[in-house]
Amino acid sequence: MIKTPVVVKTEDGFDGRPIALLVQEASQYASKVYIQIGEKNINAKSIMGMMSLSLQNGEEITVVTDGEDEKKAAEGIRTFFANKVK
């Protein structure tokens, strides 16, 4: 299991399109991918779960990956959030 701290970078908020792109990115990996914010632990492959988060620019989250390609998944999700999502 890998826990990666990440800061959300977004210009127009994190809603419909960015969420769909994140779910698409997370779904590429065999590993389980979760987004942790405080006590919440949301499956990043679930569009409904991700929509419940309401992520904001500058918000700190933890990406948790667990499985056979967890390193690749952690890097992919970290890179996704590191680039400004539009």
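Colleague: How many residues lie between β2 and β3 in their hairpin?

Modeller: Strands are DSSP runs of E with at least two residues and helices are runs of H or I with at least four, numbered from the N terminus. In the turn of this hairpin, Gly38 has a positive phi of about 60 degrees. The number of residues between β2 and β3 is 2.

Colleague: What kind of model is this?

Modeller: Residues are numbered from 1 along each chain as its sequence is written, and side-chain values use heavy atoms, with hydrogens and water left out. Local features need pLDDT of at least 70, side-chain atom pairs count only at pLDDT 80 or more, and totals for chains, interfaces and linings use all residues; the model is predicted.

Colleague: In which element of the protein chain is confidence highest?

Modeller: Confidence is given as pLDDT, the predictor's value for each residue from 0 to 100. The protein chain averages 90, and 94% of the residues score at least 70. The lowest mean is 90, in α1, while the highest is 96, in β2.

Colleague: Which strands stand at the edges of the sheet?

Modeller: Two strands pair if DSSP finds at least two bridges between them. On that basis there is an open sheet of 4 strands, with antiparallel pairing and the order β1-β4-β2-β3. Each edge strand has a single partner, so one side of each is left without a neighbour in the sheet; these strands are β1 (2–7) and β3 (40–43).

Colleague: By how many degrees are neighbouring strands of this sheet turned against each other on average?

Modeller: Axes are lines fitted to C-alpha atoms, for helices over the stretch in contact, and angles run from 0 to 180 degrees between N-to-C directions. For this average over neighbouring strands, direction is ignored. The value is 30 degrees.

Colleague: Which residue of β4 is the bridge partner of Val6?

Modeller: β1 and β4 run antiparallel and are joined by 6 bridges. In one of these strands, β4, the partner of Val6 is Ile61.

Colleague: Which strands does α3 touch as it packs on the sheet?

Modeller: Contact means heavy atoms within 4.5 Å. The direction of α3 makes about 5 degrees with that of β1. The strands touched by α3 are β1, β2 and β4.

Colleague: Which residues does Arg78 touch, not counting those up to four places away in sequence?

Modeller: Arg78 belongs to helix α3. Its C-alpha atom is separated by 8.7 Å from that of Val7, 71 residues apart along the chain. The residues that Arg78 touches are Thr4 and Val6.

Colleague: Which residue of β3 is the bridge partner of Tyr34?

Modeller: β2 pairs with β4 over 5 bridges in the antiparallel sense, and there the partner of Lys32 is Asp66. β2 also runs antiparallel to β3, joined by 4 bridges. In β3, the partner of Tyr34 is Asn43.

Colleague: Which residues touch the most other members of the largest nonpolar core?

Modeller: A nonpolar core is a set of buried Ala, Val, Leu, Ile, Met, Phe, Trp, Tyr and Cys residues joined through side-chain atoms within 4.5 Å. This core has 22 residues, and those touching the most other members are Phe14, Ile35, Met50, Leu55, Ile61 and Phe81.

Colleague: Which elements each supply at least two residues of this core?

Modeller: In soluble globular proteins, nonpolar side chains tend to be buried together. Here the elements are α1 (16–26), β2 (32–37), β4 and α3 (70–82).

Colleague: Is Met50 buried or exposed?

Modeller: Met50 is found in helix α2. Beyond its neighbours within four places in sequence, Met50 is in contact with residues including Ile19, Leu22, Ile35 and Ile42. Because its relative accessibility is 1%, Met50 counts as buried.

Colleague: What is the relative accessible area of Ile42?

Modeller: Ile42 lies in strand β3. Among the residues that Ile42 touches are Val33, Met50 and Leu53. Ile42 is buried, and its relative accessible area is 15%.

Colleague: What is the phi of Ser54?

Modeller: Ser54 is in the loop between α2 (47–51) and β4 (60–66). Ser54 counts as partly exposed because its relative accessibility is 47%. Although Ser54 is not a glycine, its phi is positive, at about 55 degrees.

Colleague: Which residues form an aromatic pair?

Modeller: Rings of Phe, Tyr and Trp (its six-membered ring) pair if their centres lie within 6.5 Å, and planes under 30 degrees apart count as stacked, over 60 as edge-to-face and the rest as tilted. A search of the whole structure finds 1 such pair. It is edge-to-face, with 5.5 Å centre to centre and 85 degrees between the planes, and is formed by Phe80 and Phe81.

Key. Buried < 20%, exposed > 50% of the residue type's maximum accessible area, 1.4 Å probe, protein only.
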